[in-house]
Amino acid sequence: MDALTPFLAATVRTSVPLALAAFGELLLERVGLINIGLEGAVLAGAFGALVGASAGGVVLGYGGAVMGGVLIAVLFGAFVLWLRADQIIAGTALTLLSIGTTGTLYRSWYGSAGAALGIPTSAPFAIPGLSRLPLIGAAVFTQPPITYLTYVLAPLLAWWFARTHAGLALRAIGERPDAAAAAGIHVDRVRALAILANGVLGGLAGGTLVLAQAGTFAEGMSAGRGFIAIAIVVLGGWSAWGVTAGALLFGAASALQYAFQAMGWRAPYQVFLAIPYLLTLAALAGAVGRARPPAFLGRSLPPRR
Amino acid sequence: MSATPRRRRTRLVLSQIALAALALVAIVAATAFLLLVGGYSVRDGLVALWSGSLGSWYAITSATLVRAVPLLCTGVAVAIAFRAGVFNIGAEGQLLVGAAAATAVSLATPLVAWSGGVTIILALAAAAVAGGLWAGVAAVLRARFGVLEVISTIMLNFVAVHFVSYLVRGPVQEPTHAYPQSATIAESLHLPRLPGAGRLHAGLLLAIAITAVSGWVVRRTAAGFRLMAVGENPDAAASAGQIDVGRTTTRAFLASGALAGLAGGIELLGVTFALYENLSPGYGFTAIAVALLAGLDPWRVLPTAVLFGALEAGAGAMQRDAGIPSTLVTVIEAALILAAVTVQALRLGRRPNPGRASIAAEP
């Protein structure tokens, strides 16, 4: 099973940023909002990780990643909650804003050549005992700490949505905000918190790209992961477990690139690069309509009171 | 409905002025902030921005207007789609496949002395068809499966980039196989240059004609009315207006893709003369800002396309002359979109539009 362990490890590695971003989008879509700016949050998180890690190591790197994501989230909240602007257009603009701002700051702070940057990265941590398991041990339980956080998030979110008062309130807003408000829920406050969580998780997703994978930053390195995460939420039927499965599927598809190339399958490499995007299209065509989206999803918010 | 027409008109004019003012503030604030944070000289940057865009006749024609041509076509494309409630974020991909199709036709057609004009028309038609088909994938996904077109068109953008990358390293690579680009098209296929206007080509006239016709269709015809009715409130359009919502949105989507594809064809025959990966510096994304700032009105796309052409040209000059990253222009675009969205939100104020559910378009 020499080939399987690296494949599983690559699957987990590529799934983690997708899962983190998709969990963030899941929380947001459950309150009925949709954030195309998630892509921008992931990218801002990656740049924040670069800045933080160059200044003071991995921990500051993750701090910078969260700050980057939250910055985009705060702007999204300002436009969508405060101004009641169109979510799709505001989100698209925020992604552009993030692409432009990170590109400009990167070129001016790190040189237009973007020289090879040696920044501290997050080392894999083998869980004693579990990492000795045959086949999966080395792949699944010898990962950077952020991966273990992601493992915990899936069941935590599933439990939180189904079993806690706050989770139910969140879902109620996504279905019937007027009814939720009548039941005494502070609708806009919960929406704001969901947007914030979306920014934190989107930023962390970008942080893992830099700190746990690439060890460097490149302009536009989010490469559509934020958009794919939005598709994963649809694919996962708006449930925490479904989203987890969706993220793993995309991780596996990306990992297949390496497997195919290692097997010497002769095809233009652009085909491999295009696989995640083609898979998204195919998956969406198959998934939409099977699960019911939150009833209020994507609708424009009524004016503020 | 209590306001008189005159007062409504005054309010409209005022909101236009507010938009212009806010847009200007957004540009200046975003630019100055990033220049200061990046440690650049604000003065050098603004001087380069001006001289590279509007500072001379050469800059106006060969830099600003040359860039305004693709922005005009893609801007109208986005305006038509958004008007129908179709969020086509895929103009960039449609432009790229349009350019690829124009390349294929230009290189494949045997040249006879008289055939230049015919081939140009064929190449442009192929570009429009290719762009329409590329948008058609997303249109079918929306109509048949209810897939949110925002996501599908973005995915198709990525696929188009990789497709062009494959073409220029594979089937259409230039004969020496040294560079990742296609062979240069024959000179008889170049769009004619406009006299006394440097690099400016006849594509400008074509783009203006398209804009004029599109504006007329949107403003004055039944098809344009259906477009707007569906975009404003699909339920009301279907029940009160007896409009086939699905057909209207699909047609708008295809027309939008065709125009964006045509932009790619014009760019290829008028400016680049060969297919390569970075053929478009993101015209398809800038088009969103162009269209939104024009209030989704094709006629008003004309001035905004020139404005953004000037910004793109000026940004190039800032990079060359003052070493300021050209990505700054993306920030400005984003700031302008947000300014337009803000004005729109303030204008609508107490008039919510509860009709649209954007995640799953009604199949």
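**View 1. Helix H5 of chain B passes helix H6 of chain B in a right-handed crossing.** A crossing is right-handed if the near helix is turned clockwise from the far one by less than a right angle, and left-handed if anticlockwise. The model shown is predicted: local features need pLDDT of at least 70, side-chain atom pairs count only at pLDDT 80 or more, and totals for chains, interfaces and linings use all residues. Residues are numbered from 1 along each chain as its sequence is written, and chains are lettered from A and ligands numbered from 1 in the order in which they are written. Helices (H or I, at least four residues) and strands (E, at least two) are DSSP runs, numbered from the N terminus. H5(B), residues 116-145, packs against H6(B), residues 149-169, at an angle of about 150°, and their axes are 9 Å apart. H5(B) is therefore roughly antiparallel to H6(B), a term for angles over 145 degrees. Axes are lines fitted to C-alpha atoms, for helices over the stretch in contact, and angles run from 0 to 180 degrees between N-to-C directions.

**View 2. Residues of H5(B) meet residues of H6(B).** H5(B) contributes Trp134(B), Val137(B), Ala138(B), Leu141(B) and Arg142(B), while H6(B) contributes Glu149(B), Ser152(B), Thr153(B), Leu156(B) and Ala160(B). Two residues are in contact if their C-beta atoms, placed from the backbone, lie within 7 Å. By class, this contact of H5(B) with H6(B) holds six nonpolar, two polar and two charged residues. Ala, Val, Leu, Ile, Met, Phe, Trp, Tyr, Cys and Pro count as nonpolar, Asp, Glu, Lys and Arg as charged, and the others, Gly among them, as polar.

**View 3. Chain A meets chain B through 46 residues of chain A and 46 residues of chain B.** On the chain A side, the elements that give two or more residues are helix H3 (87-110), helix H9 (225-235) and helix H11 (269-287). H3(A) gives the most to this side, with 15 residues. The chain A side divides into 29 nonpolar, 13 polar and four charged residues.

**View 4. Helix H6 of chain A, residues 165-175, has buried residues.** These are Leu170(A), Ala172(A), Ile173(A) and Gly174(A). A residue is buried if 20 or more other C-beta atoms lie within 10 Å of its own, exposed if 12 or fewer, and partly exposed in between. The cover over the buried residues of H6(A) includes helix H1 (4-30), helix H7 (177-182) and helix H8 (187-214) of chain A.

**View 5. Gly184(A) lies in the loop between H7 and H8 of chain A.** Gly184(A) counts as exposed because it has 7 C-beta neighbours inside 10 Å. Between Gly184(A) and Ala169(A), 15 residues apart in sequence, the C-alpha to C-alpha distance is 9.7 Å.

View 6. Along the sequence, chain A follows the pattern α-α-α-β-α-β-α-α-α-α-α-α-α. Of the 305 residues of chain A, 53% count as buried; in chain B, buried residues make up 52% of 363. The C-alpha atoms of chain A fill a box of roughly 60 × 45 × 40 Å along the principal axes, and those of chain B one of roughly 70 × 50 × 35 Å.

Definitions and conventions: Angles under 35 degrees count as roughly parallel, over 145 as roughly antiparallel, 65 to 115 as roughly perpendicular and the rest as oblique.
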